[in-house]
Amino acid sequence: MRMPYIFSLLYCSLFFWGLFSAYRLIFLLQYGPKGLFSSRPNDIMKAFVLGARFDLKNIAVINFIPLIAIITHTYWPIAGMKMALNLYYIVAGVIFITAMVSDYFYYSYFNDRINYLIWGLFDDDFKALMITIWKDYPVCKYLFLILLGLSIFIIIMLHLISHGIHPSS
């Protein structure tokens, strides 16, 4: 009875792993120095392996609550567990995607990854900063693309979870 749930976790974990790896590659291609892949291929491979290990840690954190629920609640109705998994993975995915998108644009503006100094943005002249961002970036286009990406993400997550849980199980 638990196997379909485990397959759902596996599908979602592989999807998140691919998503996090793609983000790392896009970030490196956008902000990394030119010629980095040809000059230091071994170092790049080691960095991606280390990044994959870090991603697996985050995926384990994401999967902790569903795994405990699967282990302890074997008598939940399939529809209830399916709905709970859908909601949980969608919320977790939106949080992680929001963090990745925020980090990407924060780096493009400040040339630094998000850190504790982000809270200093609110201490500065926040209105002037928002006006500058609004003028320098096509905010409406980015918001549309982010919402489109989140919609595609939600559709993919619903598909992955529904293929891991079969009503006949």
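How do the residues lining the second largest pocket divide into nonpolar, polar and charged? They come out as 17 nonpolar, one polar and no charged (nonpolar is Ala, Val, Leu, Ile, Met, Phe, Trp, Tyr, Cys and Pro; charged is Asp, Glu, Lys and Arg; the others, Gly among them, are polar).

Before you click around: this is a predicted model, where local features need pLDDT of at least 70 and side-chain atom pairs count only at pLDDT 80 or more, while totals for chains, interfaces and linings use all residues. Residues are numbered from 1 along each chain as its sequence is written, and side-chain values use heavy atoms, leaving out hydrogens and water.

**Stop one: the pocket.** Select Tyr23, Ile26, Ile97, Met100 and Val101, which lie nearest the centre of the second largest pocket. On a 1 Å grid over the protein atoms alone, a pocket is an open set of points where a 1.4 Å probe fits, with protein on both sides within 12 Å along at least five of seven lines; lining residues have an atom within 4 Å of a point. Now colour H6, which gives eight residues, the largest share of the lining (helices are DSSP runs of H or I, at least four residues, numbered from the N terminus).

**Stop two: the rings.** Show Phe16 and Phe20, four residues apart in helix H1. Their rings pair at 5.9 Å centre to centre with 35° between the planes, which is tilted (centres within 6.5 Å; under 30 degrees is stacked, over 60 edge-to-face, the rest tilted). Phe16 and Phe20 belong to one aromatic cluster with Phe15, Tyr88, Tyr89, Phe96 and Phe153.

Methods: Helix = DSSP H or I, 4+ residues; strand = E, 2+ residues; numbered from the N terminus. Phe/Tyr/Trp six-rings, centres within 6.5 Å; stacked < 30°, edge-to-face > 60°.
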